Amino acid sequence: MSVKPTEKITPMMQQYLSIKAQYPDMLVFYRMGDFYELFHADAEKASRVLGITLTARGSSGGQPIKMCGVPFHSLEGYLAKLVKIGESCAICEQIGDPATSKGPVERKVLRVVTPGTLTDADLLPEKAERPLLALCIVSQRKVATAGLAWLSLASGALRMMEFSGDSHTVASRVQQELERIAPAEVLRGDSADLFESDLPCHVSRVPDWHFDVVSGHKALLEQLGVATLTAFGAEGLSAALGAAGALLRYAQSTQGRGLQHVRSLSTETENEFIGLDAATRRNLELTETIRGQESPTLFSLLDHCRTAMGSRLLRHWLHHARRDQAIARARQQAIAALAQADVSAALAHTLAQVPDIERITTRIALLSARPRDLASLRDGVQQLPNLRHAMQRALGDSSLLAAIDADLATPSDCLDLLQRAVALEPAAMVRDGGVFARGFDAELDELRALSENAGQFLIDLETRERARTGIANLRVEYNKVHGFYIEVTHGQTTKVPDDYRRRQTLKNAERYITPELKAFEDKALSAQDRALAREKLLYEQLLADLAPFIGTLQSIARALAQIDTLNALTTHALRHNWCAPQLVDTPCLSIIEGRHPVVENQIERFIANDCRFSDERRLLLITGPNMGGKSTFMRQVALITLLAYVGSYVPAASATIGPIDRIFTRIGATDDLAGGRSTFMVEMTESAAILNGATEHSLVLMDEVGRGTSTFDGLALAWAIARHLIDTSRSFSLFATHYFELTQLPDSHPSAANVHLSAVEHKDSIVFLHAVQEGPASQSYGLQVAQLAGVPQPVIRAARKHLARLEAQALDATPQGDLFAAPLRAEDDEDAAQAAAAVDQAAQALLDAVEALDPDALSPREALEQLYLLKRLSAATQV
């Protein structure tokens with residue numbers, strides 16, 4: 001809100017406006033007593049979004065000051081709602097003492113909460129990361145360089161990458177990386193606008209100079225405490241260093257302190273992971289269904305993890321399968337060792353008692369850990385010996401498990417400090433007291449004793465005073481208004497000693513205070529305040545004393561996440577009879593009795609199918625009825641391949657898989673109304689990405705390409721795309737289609753083969769066998785599927801009659817011609833011209849039939865029947 005210089009503003013409002021000016025784009029929560037208040041436009045927005053009452057108080061510029069507030073103890077719940085919708089908030093606290101402040105109490109923003117800088121357990125999703133990402137794009141001549149740096153503040157994991165190319169290529173790659181990383185917030189320079197409209201998350205603007213490469217390089221060296229970045233693979237980068245500098249500056253400013261838990265850096269390269277674009281992640285339903293639900297997905301199926309750390313690592317593995325087969329083999333050997341030793345149940349039982357050590361460690365580093373965080377950490381660290389004991393039988397057969405076991409060594413000094421310092425069941429907040437164990441601090445114990453022993457002192461004093469004064473009904477009591485007092489009824493006041501001083505007169509009694517009682521009162525009432533102040537001081541010191549253990553605790557957290565994830569994969573493999581895949585160096589993909597990991601859990605009896613690719617067999621043309629299981633079969637091949645490279649066992653009797661660099665899918669399509677793209681445009685965009693990016697080591701899934709346009713256009717495109725995959729890309733390709741003309745491709749291209757999913761008709765219904773068999777399908781069973789879908793019977797009967805007519809017209813002994821045969825020779829053209837001169841009445845009928853055709857309105861089946869009809873009419877014109 002702007003205020004004219006001549007307007008009179010209260011000192012408190014002046015203070016608020018000066019703070020608000022520093023955070024113009026954020027909601028400022030301004031602490032006033034037991035409430036956080038919001039004013040002006042912030043109040044209007046918060047009232048609307050949070051559903052809290054909007055009020056007005058006082059005036060400014062002749063207008064009432066709109067305001068709303070939330071209780072201080074309810075703040076986190078409201079912050080969670082705001083952050084979820086992408087709002088950022090500045091939390092302004094009272095740092096001055098109201099008792100000594102002459103003007104407004106001194107206030108300062110101590111915490112900034114943005115979507116990408118969350119560390120509080122109440123604000124973060126338990127099983128997912130919410131990284132903050134900085135994007136720096138530098139364009140020189142026709143080459144664009146994109147630098148990405150991203151940080152999961154809740155874990156301290158800092159990563160970066162850089163790539164170059166023409167602007168279109170870089171834009172496409174940025175989109176893919178953002179889909180993979182899934183940041184909660186993206187930092188961009190004030191003047192940056194390249195790709196801005198396509199960023200799928202909250203964008204925060206920072207000054208352009210924050211992305212300075214030299215400053216970023218220096219900031220990284222200081223953060224990591226090193227003299228060179230060579231060991232991290234970051235030397236020679238430019239835009240990525242600028243992004244990292246902006247990232248660290250922003251994260252530090254939101255926390256109000258250094259990031260002492262950010263101690264390592266990973267530099268990712270393009271060839272490190274198996275490539276999965278946004279369409280593939282969506283179609284394979286790795287962590288989210290196509291409808292946007294959390295289950296049933298591959299992640300929800302495999303997530304038997306007993307810790308949140310394990311669940312987050314499993315999610316990361318599914319989206320970041322490594323191309324390096326050695327990593328997958330090491331994980332599979334660990335699963336085999338755990339299964340052989342039969343320790344899964346014992347490990348799961350122990351892991352269930354371990355808290356989220358990763359995020360607790362971060363909060364310790366940021367000095368925001370709560371007492372119960374430390375109690376949970378203490379209890380979790382105490383479980384490490386039990387965990388290592390359970391693992392012992394499995395260590396001999398796995399170097400990965402041995403390394404995990406070494407990282408799970410108990411940090412004795414850290415555990416000793418936590419056991420001595422933290423009470424068995426501490427209070428939720430330091431301000432409530434009762435955080436520290438007895439015996440940890442002598443001064444605190446003494447102050448507590450004063451406060452807690454007040455009752456016994458009063459009983460003793462009352463007994464002594466009754467004996468001294470002879471007043472049998474004398475009482476020593478306490479209330480919050482008048483403190484401690486001695487109460488004597490009016491009939492006994494003559495016996496009151498001289499050292500009694502009247503404190504209050506009641507209708508039937510007098511209340512007194514004595515020097516001894518006054519001294520005790522001063523000591524007892526201040527003891528509780530002093531004890532709370534002492535606990536606050538001790539707590540700050542405890543967090544400082546825990547800081548040297550941050551690195552060790554982070555290593556423990558990583559090891560716990562790994563063993564939890566491996567144990568979850570072991571549990572699922574044993575429970576569902578999964579097998580260990582063989583990863584080999586030669587190009588092949590052979591799956592025997594493969595099953596879809598998610599679908600087999602949803603139905604009673606799943607039909608297992610084989611899939612075989614080799615260097616001589618690279619494209620499978622899949623035909624068969626709708627609902628026959630083509631898409632399920634294709635997806636299961638991709639998921640089994642991905643699981644193998646994740647390091648998991650796979651749902652198959654056996655699987656042998658060669659090198660894979662990317663997995664592409666083109667399955668299903670919907671229009672993109674917001675982006676102005678039709679269904680067919682979406683389909684072609686995804687197909688273009690596959691044709692431009694697939695290599696001989698890629699796995700490609702293409703389902704019913706070309707169905708979104710006219711029959712002949714779609715058929716021609718599907719044929720050309722299949723030819724490109726066979727001749728140019730040479731990828732392992734699963735190509736499902738209803739264009740039966742394509743089944744001729746293997747005749748001219750030996751590396752292609754026909755398979756189909758079978759079905760049988762019973763009267764007017766159809767039974768899907770879901771079994772993949774060699775050779776093309778005989779028909780598509782469209783009418784039977786329409787009947788299953790509930791199409792009205794009159795429509796089905798009419799369609800059946802029309803189909804019978806079409807089939808009757810198409811009955812002809814002449815074999816079907818090849819639509820894609822080579823063009824006729826010149827001599828043939830001359831013969832055809834001579835034959836055309838001799839056309840009779842049948843030729844005219846042929847011309848009439850051609851004239852009546854509407855190609856854009858024909859289905860593939862109708863197009864085929866019309867071809868038969870034209871061929872019959874054509875035969876009748878032959879002289």
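I shall begin with the chain as a whole and then turn to individual residues.

Please bear in mind throughout that this is a predicted model. The chain is built from 30 helices and 27 strands. Its radius of gyration is 37 Å, well over the 29 Å that the globule rule gives for 879 residues, so the chain is more spread out than a compact globule. Along the principal axes, the C-alpha trace spans about 145 × 75 × 65 Å.

Of the 879 residues, 49% count as buried. The accessible surface comes to about 41400 Å², and carbon and sulfur atoms contribute 51% of that area. As for contacts with a separation of 6 or more, 66% of them are between residues 24 or more positions apart.

Let me now turn to T114. Is this residue buried or exposed? T114 is buried, since its relative accessible area is 0%. It is located in the loop between β6, residues 107–113, and β7, residues 132–140. The T114 side chain makes two polar contacts that I wish to mention. One is with the side chain of T117, at 2.7 Å, and another is with the side chain of E185, at 2.6 Å. Setting aside residues up to four places away in sequence, T114 touches M26, V83, S88, E185, Y250 and T254.

How many salt bridges does the count give? The count comes to 44. In one of them, the side chains of K127 and D303 meet at 2.9 Å, N to O.

A second salt bridge joins the side chains of E465 and R468, at 3.0 Å, N to O. Both residues belong to helix α18, residues 454–469, and because they are three residues apart, about one helical turn separates them. E465 counts as buried, with 5% relative accessibility, while R468 is partly exposed, with 46%.

E477 and R475 likewise form a salt bridge through their side chains, at 3.0 Å, N to O. Here E477 is partly exposed, at 26% relative accessibility, and R475 is partly exposed too, at 35%. Salt bridges also link E129, R312, D356, E358 and R359 in a network.

Next, consider L237, in the loop between α5, residues 213–224, and α6, residues 239–255. Leaving aside neighbours within four places in sequence, L237 is in contact with M160, E162 and T267. L237 and A798 are 561 residues apart in sequence, and their C-alpha atoms are 68 Å apart in space.

L769 belongs to strand β27, residues 765–774, and is partly exposed, with a relative accessible area of 37%.

Thank you for your attention.

Key. Residues numbered from 1 in each chain as written. Predicted model: local features only at pLDDT ≥ 70, side-chain atom pairs only at ≥ 80, totals over all residues. Heavy atoms only, no water. Helix = DSSP H or I, 4+ residues; strand = E, 2+ residues; numbered from the N terminus. Buried < 20%, exposed > 50% of the residue type's maximum accessible area, 1.4 Å probe, protein only. Polar contact = N/O pair within 3.5 Å; in protein donor to acceptor, adjacent residues only side chain to side chain. Contact = heavy atoms within 4.5 Å. Rg over C-alpha atoms; globule rule 2.2 N^0.38 Å. Areas by Shrake-Rupley, 256 points an atom, 1.4 Å probe, with all protein chains shown as cover. Salt bridge = Lys/Arg side-chain N within 4 Å of Asp/Glu carboxyl O.
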